[in-house]
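Here is a short briefing for a reader new to this structure. Take a look at the model, then read on by topic.

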Amino acid sequence: MESILLAQVMGAFFGFLGVLFGAFGAHYLKGKLTEAQLQAFETGVRYQLVHAVLLLVLSFNLAFTSALDSYIVRAFLVGTFLFSFSIYGLVLSDGFGKKWRFLGPVTPVGGFLLLVGWALLGYSFIANLF
C-alpha cells in the first residue's frame with residue numbers, strides 16, 4: 001500500500017512540476033539562456049514527465065506483492081529526481097552566474113537508476129516465465 005501511494009503521489013507531483021518547469025523554460029528562460037541550455041532544460045522536463053506518467057501507470061498495474069515492485073518504483077523515483085533536477089540545477093546555475101559543477105556527476109547516477117528501473121520492470125515481466 002505504501003509503495004502504491006508513493007508512486008501515485010510522486011507521479012502526480014512530478015507531472016505537476018514537469019508542466020510548471022516546461023512553462024517556466026518556454027516563457028521565462030527563453031531569452032535568458034542559450035539554445036543549448038534551453039535544450040538541456042527541456043530534456044530534464046521531458047524525462048520527468050515521461051517518468052511521472054510511468055509512475056502513475058505502475059501504481060495502478062503492479063501488484064506490489066513483492067519487493068521487486070517496490071524496487072522498481074523507487075528506482076524510477078530516485079532516478080527521475082536525480083536526473084532531471086540535477087539538469088535543472090546545472091542549467092540554471094550556469095545561466096545565472098556560477099555553474100554548480102558538483103551536480104555534473106549526479107545526472108549520470110540518475111540516468112543509471114532510470115536504466116535500473118526499466119531493467120527491473122522488464123525482468124518482472126519475464127521472471128515468471130522460467
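Helices (H or I, at least four residues) and strands (E, at least two) are DSSP runs, numbered from the N terminus. This is a predicted model: local features need pLDDT of at least 70, side-chain atom pairs count only at pLDDT 80 or more, and totals for chains, interfaces and linings use all residues. Residues are numbered from 1 along each chain as its sequence is written, and side-chain values use heavy atoms, with hydrogens and water left out.

**A loop residue**

- Phe64 sits in the loop between α2 and α3.
- Its phi is near 55 degrees, a positive value in a residue other than glycine.
- Phe64 is buried, at 14% relative accessible area. Buried means under 20%, exposed over 50%, and partly exposed in between (1.4 Å probe, protein chains only).

**The nonpolar core**

- A nonpolar core is a set of buried Ala, Val, Leu, Ile, Met, Phe, Trp, Tyr and Cys residues joined through side-chain atoms within 4.5 Å.
- The largest one has 26 residues. Phe21, Phe41, Leu55, Leu58, Ile72, Val73 and Phe76 touch the most other members.
- Two or more residues each come from α1 (2-28), α2 (35-61), α3 (67-95) and α4 (106-126).
- Helix α3 gives the largest share, nine residues.
- In soluble globular proteins, nonpolar side chains tend to be buried together.

**Contacts of two residues**

- Contact means heavy atoms within 4.5 Å.
- Phe41 contacts Phe21, Phe24, Gly25, Leu29, Ile87, Tyr88, Val91 and Leu92, leaving aside neighbours within four places in sequence.
- Thr107 belongs to helix α4. Thr107 is buried, with a relative accessible area of 12%.
- Not counting residues up to four places away in sequence, Thr107 touches Leu82, Phe83, Ser86, Ile87 and Leu90.

**The salt bridge**

- A salt bridge is a side-chain nitrogen of Lys or Arg within 4 Å of a carboxyl oxygen of Asp or Glu. By this rule there is one.
- Arg74 and Glu2 form a salt bridge through their side chains (3.4 Å, N to O).
- Arg74 lies in α3 and Glu2 in α1, so the pair ties together parts 72 residues apart in sequence.
- Arg74 is partly exposed, at 35%, whereas Glu2 is exposed, at 60%.

**A surface patch**

- Tyr123, Phe125, Ile126, Leu129 and Phe130 make a nonpolar surface patch of about 670 Å².
- Patch residues have over 30% relative accessible area and no salt bridge; nonpolar side chains (Val, Leu, Ile, Met, Phe, Trp, Tyr) are joined within 5 Å, and like charges within 9 Å.
- Areas come from the Shrake-Rupley method with a 1.4 Å probe; for residues, only the protein chains shown count as cover.
- Phe125 is in helix α4 and is exposed, at 57%.
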